[in-house]
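Please look through the sequence and the 3D view below before reading on. The paragraphs that follow take a few parts of the chain in turn.

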Amino acid sequence: MGEVRTTCPYCGVGCGIKAVAGPGRTVTIRGDEAHPANRGRLCSKGTHLGETVGLDGRLLHPMIGGARVGWDLALNAVASAFSDAIARHGPDSVAFYVSGQLLTEDYYVANKLMKGFIGSANIDTNSRLCMASAVAAHNRAFGEDIVPCSYSDLDEADLILLVGSNTAWCHPVIWQRIEAARKQRGTKLVVIDPRRTETAERADLHLPIRPDGDVALFTALLVEMRARGLIDDAHLRAHVSVPEGFWNGITRPSLADETGLDSDLLARFFDLFAAHPRTVTLFSQGANQSVEGTDKGNAIINVHLATGRIGKPGTGPFSITGQPNAMGGREVGGLASTLAAHMDFSPENRDRAQRFWNSPVIAPAPGLKAVDMFRAVHDGRIKALWIIGTNPAVSMPDAGFVREALERCPFVAVSDVIADTDTARYAHVRLPALAWGEKDGTVTNSERLVSRQRPFFDPPGEARADWNIIADVGCRMGFSDAFSFGNPADVFAEYAAQTAFENDGRRVLDLSDWLGLDRAAYHALEPRQWGGPAPLAGGRYPTPDGRARMVLPRFPEAAAPDPDFPLCLNTGRYRDQWHTMTRTGLSPRLSRHRREPLVEVHPLDALTHGLTDGCIARVSTSVGSSLYRVTISDGQRSGELFVPMHWTDRMSSGGRTGRLPSQATDPLSGQPAFKNSAAAIERWDADWRGFLVAADLPEMTADCYWTRVRGEHGWLVELAGRGAIDIEALLPNGQRIEAQDRARGTIRVAVRDDAGRLHAALFLTRSGQLPPREWILDQLGGEGGAGGAELLAGRPANPAPDSGPTVCVCFDIGMFAILRAVREQGLTSVDAVSKAINAGSNCGSCRPAIARLIEDAHEETHVAA
Ligand code: SF4
């Protein structure tokens, strides 16, 4: 097949990839130099995509209950469950919950079926959890969900504000672009984040803002710019509607206090903003995932509108999406709050969409947003639910409630690539979908750039494309005239036609250029930005009067402290994991960066709560609790905790973060508030702790803390517990060697197979030391080279110097190795480290971490001197 140009399936940066399939479902990956989003760069996740494309754990056949069935039976079951529910209880008794992983073609067919043929708007997407607040803010300010910026604005800005974004970890290729601009033209960087992340550490100014202090901060900035005479009155007069009473409404003496920032930091921020008119404000989940998410977006946009920093090169409010095709979903109408193709539910638009689809019905009003949808499943209003490409039993807030809802639902269908997800366990019917590398369609990235995802593997088993599965169900529900698409090019052509239908300049989303695209042209489609690089240049906005709107934000009262939950819990991503780890959890290299879910705790809070580095602690909120390993970090603000979002029931007994946030949402966008939950933490003392390495994963039934990640030849399972442990349940059969130290309560067991290869090893202790994990993990499946004494010691007789926790996953270089190189060779820059030992020289995702290690090493030298 040769080289295939496709797009990365992870984040909203939307990097272009060149893939070459090899024998046995292997693939070689490299960045596509011709793709405008990344110009050849890839981060650690994109670089190691090849480790995630195996068929391990894939759902390859339709299943009803636990039985394999044919497609006919499975699709008829879905179609009749939906048709029966609609006939008996009406169209609003059914729902689709879909995903930012879907391609635009998948989204289009799902939206058309639900809104135009079922006649309900109960289709929502997990993008609701990611950027719905930005969508609502865009609609209020611009009249349409328009991202006014492009990545090239980051190259041309003099000042970049990052709001609620750990860009270095979550959008690494954008981060590399920002770093390049700083190096080349001295762009200033301000990071607004309660946590001192690796991104914040590299900034010119870090504002460790109080959680949810952003509305106050951007409003204070606006008040200050007005006081300094920096409002662009000509721009406001010509292009912006300012509501009556706006300026009085934002004048509050308490604004600075509400940010939690000291006056010196605020003054430095205001000075930087005043001095650099070419400003881009990049905002992400830290702003969006809040009960004030929409107002935060509008507070940011207000500043840009009022100072005229929009529609010109190097300026603008820039919402960046988390998922690869969150933007495509927004375009076609995959959110319950949009009808289709950026049209709302006005009578004219409903009529327009119904005529375009020639459909029997049309959804009368917005449908249920994600959190409300699962409430409706829980209380029985939804009788049939189809979950496509997402894992809400883990990722939704108050996930325990979501599991109860799924348990109660009369009919649940799940389309997925993975057979056993936490959500799939509740499915009556499971439908095998194509995965990345097999799919064929388009995605839109954060800057409105449409790119092709192209297949380079044949479909495995009986897996089918999502658009094709949904269209087939549509046909079986009696709508074959509207759903007989032959290929994804047909679907895309119809979607493009809908954006252009009776548009007449009403909506910026207009793909007229792609009307009549045939299959060959679709196959060859080059990346292209709809709306151009600056869709709002010229000051004309897609509102009825052509003017943008400043919005008076709400200033909600701060909630009274809850003595039972005195801390604030923040949640987020790790650098090398993606969502619920169904894909990145397959990669041994990506698993090296963080082996366990950690709760990050400020040193003062650790002291108050009796926590030590490495102990286990229970984090609780009003809706649930979960166990985590503690790491003490002065990057946290005192009074706040941080936990990662990735671990699931399949990967751990603890660390399941979806249990913790409540169902609180932004009242306009419906986006859950994942960043600010009242929480408590307490030490969870284990009687014993240890770890298991195993070539084959045992069924983890042990009633203890356990969490697992992938190694090169098997699994690493961290363990801690109280009372007795059933060792036999953890170990396979084979030749055993064993050592015990009763004084320390230590047990070490190694199990070899008949050929002498290590099959499993278990290390448990009550009070002693445990060996490092890497060497013993690497012995799994080996040819019996290591001696019994070495295996039980967990280290070789002549160990190489310990390289420490992995920092650079591309070259497997650990923290101690980098520190040694820095100290011994006197290295003073990341480039020098890359040149000396390769670390950071490939994907670059670890460059901020290396920069921090260089600083640490030099601080130590300074102190020692
Ligand atoms: S930044 Fe990384 S995860 Fe995001 S699209 Fe690019 S390669 Fe993929």
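Which residues of α9 are buried? In this predicted model, they are Asp 214, Val 215, Ala 216, Leu 217, Phe 218, Thr 219, Ala 220, Leu 221, Leu 222 and Met 225. Because ten of the 14 residues of α9 are buried, the helix is largely enclosed by the rest of the structure. Buried here means a relative accessible area under 20%.

The length of α9 can also be checked. The helix covers residues 214-227, and at 1.5 Å a residue its 14 residues should span 20 Å. Just after α9 comes Gly 229, which has a positive phi of about 75 degrees.

Another helix, α6, is made of residues 167-170, and Thr 167 belongs to it. Thr 167 has 0% relative accessibility and therefore counts as buried. What does Thr 167 touch, leaving aside residues up to four places away in sequence? Its contacts are Leu 162, Pro 172, Ile 174, Trp 175, Ile 178, Thr 199 and Leu 282.

Next come strands. Strands of a sheet pair through backbone hydrogen bonds, in either a parallel or an antiparallel way. Here three strands make an open sheet, ordered β17-β18-β19, with antiparallel pairing. β17 (441-444) and β19 (528-529) are the edge strands, each pairing on one side only. Between β17 and β18 (residues 449-453) there are four bridges, and these two strands run antiparallel. In this pairing, Thr 444 of β17 stands opposite Val 450 in β18.

Technical notes
Residues are numbered from 1 along each chain as its sequence is written. This is a predicted model: local features need pLDDT of at least 70, side-chain atom pairs count only at pLDDT 80 or more; totals for chains, interfaces and linings use all residues. Side-chain values use heavy atoms; hydrogens and water are left out. The expected span of a helix is 1.5 Å times one less than its number of residues. Buried means under 20% relative accessible area, exposed over 50%, partly exposed in between (1.4 Å probe, protein chains only). Two strands pair if DSSP finds at least two bridges between them. Contact means heavy atoms within 4.5 Å.
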